[in-house]
Amino acid sequence: MLGRSNHKHAPAAVISSDQRYNSLTYYIWRQAKEFPNPVNHTELLHEADRCVKCGICLPHCPTYKLTLDEGDSPRGRISLIQALANGHLSDAETHYHLDRCLSCLACESACPSGVNYGYLIDGTRALGKPGWKKRLIHRFISVQPYRNSSRLLLKLYRFSGLRHLLRLFGGKQLRRLDDLLPRAAEIGLWRKQYLPATEPRGRVGLFTGCVGRISDRKGLDASIKVLNCLGYEVVVPLNQGCCGALQQHAGEPETAKRMTAINQTAFSSDGLDAILYIASGCGAQLVKQSFGIPVFEITQFLNQCHWPDEARLNALPQTVGLHTPCTLKHQLKLADEPKRLLSRIPEIDLISLDEIDCCGAAGSYLLEQPLMADNLRQKALDKILPHNNLAFLATSNSGCALHLASGMRKIAANVQTVHPIELVAMSLDGTA
Ligand code: SF4
Ligand code: SF4
């Protein structure tokens with residue numbers, strides 16, 4: 001009896017990676033077993049009551065700017081959250097406007113009263129569990145990329161005619177998914193260790209991300225190459241998993257915590273000096289967790305490193321539009337880091353696209369709110385396209401890259417969407 005009880009409450013650390021990812025059913029069953037929902041109505045109301053309804057955040061909110069509806073503003077949403085927590089309105093009456101929130105946190109950056117809007121929106125979403133369909137899609141996105149069967153599935157999709165059939169008969173949603181899939185997406189095998197040519201000066205762990213390990217493989221490979229060139233050994237723990245951001249912002253904080261536990265185990269055993277990530281969406285979730293070692297965004301880390309003489313950057317005479325994802329700007333407060341790093345490249349022509357609001361990617365928002373997401377993307381593209389000499393659009397988040405690239409392909413197919421680190425790798429190679 002005691003044994004069964006102990007097993008049920010075993011910490012995540014004793015569960016093998018095979019067990020973790022072997023069965024989707026197992027994964028869903030385990031969620032919510034160990035982590036009770038941490039949010040309650042009183043705490044939500046306490047935070048919501050700090051909003052003085054001044055409206056200073058309204059001109060900073062991308063959804064309000066799009067619809068001019070008070071319900072789509074931070075102030076309106078906080079009022080809805082208060083009414084919901086007080087029991088004056090039901091979930092069914094509030095979810096329309098709350099679901100349309102991007103969680104971009106532009107409002108939080110603008111708020112003079114320091115209202116923790118991120119806590120409010122995440123907490124409110126956690127009060128009502130998302131439906132099984134949404135949870136299953138999130139589970140598929142965050143688990144499937146780590147399975148070896150993904151390679152086979154992608155090949156089957158591309159070369160068996162399945163893609164053609166789904167585009168013809170699969171409906172709007174599947175066509176939208178196919179539009180998002182990068183044309184050159186690859187699921188190559190990972191090695192656990194990537195050594196520099198000389199004696200390592202340090203050992204860092206690389207967090208791949210779930211979507212990123214497929215869509216941003218070039219950015220991850222470029223990171224390894226640059227780090228090796230600077231003398232760092234790179235470890236890619238094979239038992240790492242998704243950061244859990246998707247679940248955290250969709251009302252499943254307990255599942256997000258389980259995912260954190262998996263990563264805490266994966267990155268704890270190799271004597272690492274630091275953990276590095278390249279997608280700011282993952283980073284914003286990772287930095288909230290305790291790993292016992294520092295967690296850095298890749299360009300932030302490289303800006304702090306000593307660059308040896310042999311790591312010389314060659315001229316890259318290209319015009320680059322630099323997009324800043326909301327997570328880098330409003331959550332991580334690292335908006336200047338990619339700019340600082342890219343500025344080291346001789347002859348690069350950097351155009352800052354800082355003034356662009358949320359592009360509408362926002363985790364799974366681009367799938368769940370297609371109309372809003374496409375309108376927000378169009379507003380972003382309207383600010384990018386006048387720079388008609390662009391060779392590259394650089395952005396530090398996988399979701400933004402997928403969403404913007406899918407829009408760019410239709411109107412400016414000659415502009416390549418890349419992660420900033422890819423430009424650094426090109427410059428080191430002298431290949432541009
Ligand atoms: S969230 Fe902050 S800026 Fe917005 S209305 Fe409330 S107090 Fe004002
Ligand atoms: S998180 Fe973004 S979309 Fe949501 S209310 Fe704040 S500014 Fe508006």
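**Second cavity.** I began with the lining of the second largest cavity, whose residues divide into 10 nonpolar, three polar and one charged. (Ala, Val, Leu, Ile, Met, Phe, Trp, Tyr, Cys and Pro count as nonpolar, Asp, Glu, Lys and Arg as charged, and the others, Gly among them, as polar.) Of the 14 lining residues, I noted Cys61, Arg77, Cys101, Cys104 and Cys107 as the closest to the centre of this cavity. Its volume is about 90 Å³.

**Ground rules.** This is a predicted model, where local features need pLDDT of at least 70 and side-chain atom pairs count only at pLDDT 80 or more, while totals for chains, interfaces and linings use all residues; side-chain values use heavy atoms, without hydrogens and water. Residues are numbered from 1 along each chain as its sequence is written, with chains lettered from A and ligands numbered from 1 in the order in which they are written.

**Whole structure.** My search found two cavities of 30 Å³ or more. A cavity here is a set of points on a 1 Å grid over the protein atoms alone where a 1.4 Å probe fits but cannot get out, and lining residues have an atom within 4 Å of a point. Grid points are joined across faces, edges and corners, and a volume is the space filled by probe spheres set on the points.

**Largest cavity.** I read a volume of about 140 Å³ for the largest cavity. Of its 18 lining residues, Cys51, Cys57, Ile78, Cys111 and Val115 are the closest to the centre. The lining divides into 13 nonpolar, two polar and three charged residues.

Conventions: On a 1 Å grid over the protein atoms alone, a cavity is a set of points where a 1.4 Å probe fits but cannot get out, and a pocket is an open set with protein on both sides within 12 Å along at least five of seven lines; lining residues have an atom within 4 Å of a point.
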